[in-house]
Amino acid sequence: MIATPQNWQKDGEANEDWDVVDIDGRSVGRTTKRGAPDFAPGEFHVVVGTCVFTPRREVLVTRRSPNKSHPGEWEFSAGSALAGESSVMAARRELAEETGLEFPAEEFRTVGRLIEPTSLFDIYAVRIPEIAQVVPQPGEVDAYRWVELGAVLEQPRGVSFTGPWHRRLNQIQFVLRKLVEGCDA
């Protein structure tokens, strides 16, 4: 069972504590609050995203709810690691919260780590045998689709991903394509 943070909603905004880490992902010994982050140069927090895919090269994309930044735009399930949470455990939790899909940690394959201005963005992939039913989390996700990998990676993109994901997809596209297309059909 994956636990949902006890203090998830406070006045309509997530009330989360994040571990502050160095460039190598090691804790610097303190936390910071979402909404009022406190990072010195060279400090970050961990953010995760997960691409769920099938042997038929279909990938799961979720649409951000209207109350979120980048409303109505598509992405892979993603979010910040909470204080005390490993990267892969955060990926498990975020995927389960946003989609209802739960998988053991050992099924999460690392695609890569991207360095962003205040985050280390870890991207994972999970292979499932066939398209699964998704239960979108109200307030976070308002729709989902299973699309061909090319709709996400090829230009022009057939799926309108959020702006920050364009850069991420450009950086991971070769590894992600190799992983997804390398699976047995």
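This is a predicted model: local features need pLDDT of at least 70, side-chain atom pairs count only at pLDDT 80 or more; totals for chains, interfaces and linings use all residues.
Residues are numbered from 1 along each chain as its sequence is written, and side-chain values use heavy atoms, with hydrogens and water left out.

Helix H3 spans residues 163–181 and has a kink of about 60 degrees centred on Ile172, where the bend is the angle between axes fitted to the seven residues ending there and the seven starting there. Helices (H or I, at least four residues) and strands (E, at least two) are DSSP runs, numbered from the N terminus. The buried residues of H3 are Trp165, Arg168, Leu169, Ile172, Gln173, Leu176, Leu179 and Val180; buried means under 20% relative accessible area, exposed over 50%, and partly exposed in between (1.4 Å probe, protein chains only). These buried residues pack against several elements, including strand E5 (45–53), strand E9 (109–115), strand E10 (119–127) and helix H2 (149–153), with contact taken as heavy atoms within 4.5 Å.

A search of the whole structure finds 5 aromatic pairs. Rings of Phe, Tyr and Trp (its six-membered ring) pair if their centres lie within 6.5 Å, and planes under 30 degrees apart count as stacked, over 60 as edge-to-face and the rest as tilted. One of the pairs is formed by Phe76 and Trp165, which are edge-to-face at 5.4 Å centre to centre, with 85 degrees between the planes. This pair links distant parts of the chain, since Phe76 lies in the loop between E7 and E8 and Trp165 in helix H3, 89 residues apart. Trp165 also forms an edge-to-face pair with Phe161, at 6.0 Å centre to centre and 80 degrees between the planes. Phe76, Phe121, Phe161 and Trp165 form one aromatic cluster.

Along the backbone, a cis peptide bond with omega of about -10 degrees joins Gln155 and Pro156, and Pro156 is placed in the loop between H2 and H3. Arg57, although not a glycine, has a positive phi of about 65 degrees, and this residue is partly exposed at 24% relative accessibility.
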